[in-house]
Amino acid sequence: MREAGNVKPIYLDPSQPVDKRIEDLLSRMTLEEKIGQLCQYSGFTSEYEKMIMEGRIGSLLNVFGAEETNRIQKIAVEKTRLGIPLILGLDVLHGYKTIFPIPLGLASTWDPDIVRKTASIAAAEAAAEGIRWTFAPMVDIARDPRWGRIAEGAGEDPYLGSVMAKAYVEGFQGRELSDLSAMVACPKHYVAYGGAEGGRDYNTVDISERTLREVYLPPFKAAVEAGAGTIMSAFNDLNGIPASANPFTLKTILRDEWGFEGFVVSDWNAIGELINHGIAGDIFEAAEKALKAGVDMDMQGDVYRRTLIQLVKDGRMSEERINEAVRRILKIKFKLGLFERPYVDPERAKRIVKCKEHIEAALEAARKSIVLLKNDGSLLPLRRDIESIAVIGPLADDREAPLGPWSCLGDPRDVVTVLEGIKSRASAETRVLYAKGCDVDGESIEGFKEAVEVARRCKVAILVVGESRDMSGEAACRAFLGLPGVQEELVKTVYEARVPIVEVLMNGRPLSISWSAEHIPAIVEAWFPGIQAGYAIADVLFGNYNPGGKLPATFPHTVGQVPIYYNHKNTGRPPSPDRWTSKYLDIPYTPLFPFGHGLSYTRFEYSDLEISPREVEPKDVVKIKLKVKNIGDREGDEVVQLYVNDVVASVTRPVKELKGFKRITLKPGEEKTVEFVLTLEMLSFLNHEMRRVVEPGLFKVMVGSSSEDIRLTGTFTVKNLVEFPWK
Ligand code: GLC
């Protein structure tokens with residue numbers, strides 16, 4: 001409806017500066033309307049319709065479809081006093097309708113360009129249907145694979161996580177938020193949600209400030225520096241103060257140190273849950289603590305709506321703090337162009353969603369995400385005219401699992417299963433037989449007999465095993481990390497058939513597949529590869545695509561080895577064959593598969609490492625150069641990884657830290673020079689006084705094909721202490 005009268009108010013005049021439009025609109029709003037902007041609800045009901053018309057809702061999530069979002073938006077724009085558009089949000093983590101590999105799979109590409117591309121496509125599809133805000137990227141560092149949400153992020157490393165966080169934000173937000181294909185990003189879950197004790201979702205997080213700043217905060221800082229417009233505060237208690245009521249993280253770090261200007265939305269009822277945490281006696285105290293700490297919008301808690309008028313009347317909340325939150329939210333709405341273009345064109349959306357280019361990108365991303373864990377005797381790649389193939393396992397012809405958790409509007413009917421992919425890529429003469437063998441979970445082994453019979457009739461057996469997609473993601477933690485149900489027994493039973501086996505894993509977390517790792521000659525980690533799963537996996541199995549992915553998270557021998565991650569401290573007794581060192585009696589002290597691990601169908605030779613200067617002055621950067629040559633007979637990708645160790649410092653430092661990586665493609669015989677530049681700030685850490693410094697001394701450089709497969713080493717020496725400001 002917007003205010004009657006023929007003079008266009010400033011807030012509706014796009015030629016006016018945004019800040020002026022915000023102030024003009026704010027000056028026209030009642031306190032109820034201001035509070036309405038801070039309230040977000042899930043879905044659309046007649047009650048919400050009424051609340052929207054009364055200006056008491058600023059955002060909805062979980063509504064979708066161009067016609068539906070237009071219909072809802074019209075209520076806010078044309079049937080309210082001021083006509084403030086809603087901002088519609090959705091969990092678009094790894095695709096909207098064109099579904100890409102889960103983020104842990106995308107991280108396994110070690111290719112920020114493909115991550116940016118998939119995010120950009122997801123934004124184009126979602127924005128075309130009126131969704132202009134995604135609750136992504138999830139940038140929580142995860143060192144514990146029992147935690148189901150490890151599937152949603154980039155794994156265990158702060159540097160890899162930071163590079164991916166930046167790529168997602170750039171992909172989702174594009175050049176301008178007002179672009180028709182842009183969505184505002186929402187890095188989550190701020191902060192340290194992945195540090196939950198026991199890897200149990202929603203559990204307590206108690207970590208040092210040094211660990212908070214050096215492990216969990218960096219990807220959020222990278223996302224903010226990339227221009228993320230919003231942030232989501234987490235469920236977890238952080239060192240005694242829940243993340244959704246924590247002034248230290250929400251104000252001191254986010255606003256004062258980083259200068260973040262966007263708005264903070266709580267996670268689902270995280271404000272209301274402050275009562276469960278025991279830091280609020282009622283919803284009034286919860287609202288007061290959350291809003292004062294810095295949470296601007298209440299997702300689905302209905303707490304702000306029920307309390308803020310009273311809190312203002314009681315003098316417990318200033319209208320100025322409410323105005324500050326409203327300004328931040330309106331700024332994003334203006335930047336998105338929602339006031340000028342609140343509606344979308346359903347015909348345009350139909351042309352964009354799942355178009356040919358998007359499907360092709362899904363195949364490219366899926367191929368790049370696949371990690372070759374083992375390939376003894378070069379069993380892979382298979383000849384495409386191989387006489388017969390047995391495709392076995394509960395995930396071999398499953399349409400749901402490849403979509404993974406948080407698959408947005410992904411449709412199983414769009415999925416290419418592994419069986420379909422193999423049939424499509426094998427020669428017409430190849431006999432492809434199938435047996436499910438067993439379910440993903442459950443005890444029945446009735447299908448084993450058929451599986452063995454099928455295997456016995458073929459030259460090779462492809463066993464597709466792993467997790468269902470609801471065994472990872474939110475509220476999906478597992479106390480054991482083996483293959484669920486009787487799948488390992490299936491593998492062992494088929495193994496008795498004495499036919500060569502390729503094990504294909506579809507899973508949302510590192511798995512302790514130690515028996516397979518010892519007995520099965522070839523193992524392929526496919527994660528949940530999205531709608532082109534079958535084609536991508538078959539392309540790898542037949543060598544149409546040479547796998548180049550690398551693990552973004554460590555695989556343990558068993559759950560008892562957790563937490564195990566590559567950038568650990570050395571301790572006073574680093575693990576060794578000597579008894580009196582830090583290890584377990586009953587398992588090896590190395591990981592099953594290390595961070596950064598991934599094989600190829602070709603081989604790469606590293607040579608000619610150069611480090612300059614060797615004596616580093618404060619003004620210097622350290623240039624690291626080396627050569628990598630493809631000495632095999634087929635083209636392939638290699639992810640060249642640069643690790644650094646600060647040998648002696650005022651506090652204990654990790655034995656190695658990833659400080660650079662490059663995924664390069666080399667033809668057979670081709671050699672490339674790879675260069676890295678290390679700034680001193682990249683080497684900085686928090687010293688014994690919690691000051692950000694680089695201290696003088698020796699630094700080890702390690703370059704290799706994984707965190708364990710180090711090919712070249714060298715050193716440099718920093719000459720002087722250098723300190724860096726927090727900001
Ligand atoms: C969930 C998740 C969060 C998601 C939100 C909206 O509880 O924790 O990641 O964005 O609710 O679906």
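Predicted model: local features only at pLDDT ≥ 70, side-chain atom pairs only at ≥ 80, totals over all residues.

Ala245 has a relative accessible area of 6%, and because the cut-off for a buried residue is under 20%, Ala245 counts as buried. Ala245 sits in the loop that runs between strand S7 (241-242) and helix H10 (247-257). Which residues does Ala245 touch, if we do not count those up to four places away in sequence? They are Leu250, Leu274, Ile279, Lys289, Ala290 and Ala293. Ala479, by contrast, lies 234 residues from Ala245 along the chain, and 30 Å separates the C-alpha atoms of the two.

Asp24 belongs to helix H1, residues 18-28. Is Asp24 buried or exposed? Its relative accessibility is 11%, so Asp24 counts as buried. Once neighbours within four places in sequence are left aside, the contacts of Asp24 are Pro9, Ile10 and Tyr11.

I turn to the backbone. There is a cis peptide bond from Leu380 to Pro381, with omega near -5 degrees. Pro381 is placed in the loop between strand S10 (371-375) and strand S11 (388-392). A cis bond is also found from Val562 to Pro563, with omega near 0 degrees; Pro563 lies in the loop between helix H21 (533-541) and strand S16 (604-612).

Two residues other than glycine deserve mention for a positive phi. For Tyr202, phi is near 70 degrees. Tyr202 lies in the loop between helix H7 (158-173) and helix H8 (209-216), and with a relative accessible area of 37% it is partly exposed. For Arg498, phi is near 60 degrees. The loop that holds Arg498 runs between helix H19 (487-495) and strand S14 (501-506), and Arg498 is exposed, at a relative accessible area of 61%.

Finally, the protein as a whole. Its secondary structure amounts to 22 helices and 26 strands. How does the radius of gyration compare with that of a compact globule? For 727 residues such a globule would have a radius near 27 Å, and the protein has 27 Å, so the two agree. Along the principal axes, the C-alpha atoms occupy a box of roughly 80 × 65 × 50 Å. Of the 727 residues, 63% are buried. If we take contacts between residues at least 6 apart in sequence, 77% of them join residues at least 24 apart.

As for the surface, the accessible area is about 26,700 Å², and carbon and sulfur atoms account for 50% of this. The protein carries 92 positive and 103 negative side chains, with the centres of the two sets 2 Å apart.

Thank you for your attention.

How values were computed: Residues numbered from 1 in each chain as written. Heavy atoms only, no water. Helix = DSSP H or I, 4+ residues; strand = E, 2+ residues; numbered from the N terminus. Rg over C-alpha atoms; globule rule 2.2 N^0.38 Å. Buried < 20%, exposed > 50% of the residue type's maximum accessible area, 1.4 Å probe, protein only. Contact = heavy atoms within 4.5 Å. Areas by Shrake-Rupley, 256 points an atom, 1.4 Å probe, with all protein chains shown as cover. Lys, Arg positive; Asp, Glu negative; His and termini not counted. Charge placed at Lys NZ, Arg CZ, Asp CG, Glu CD.
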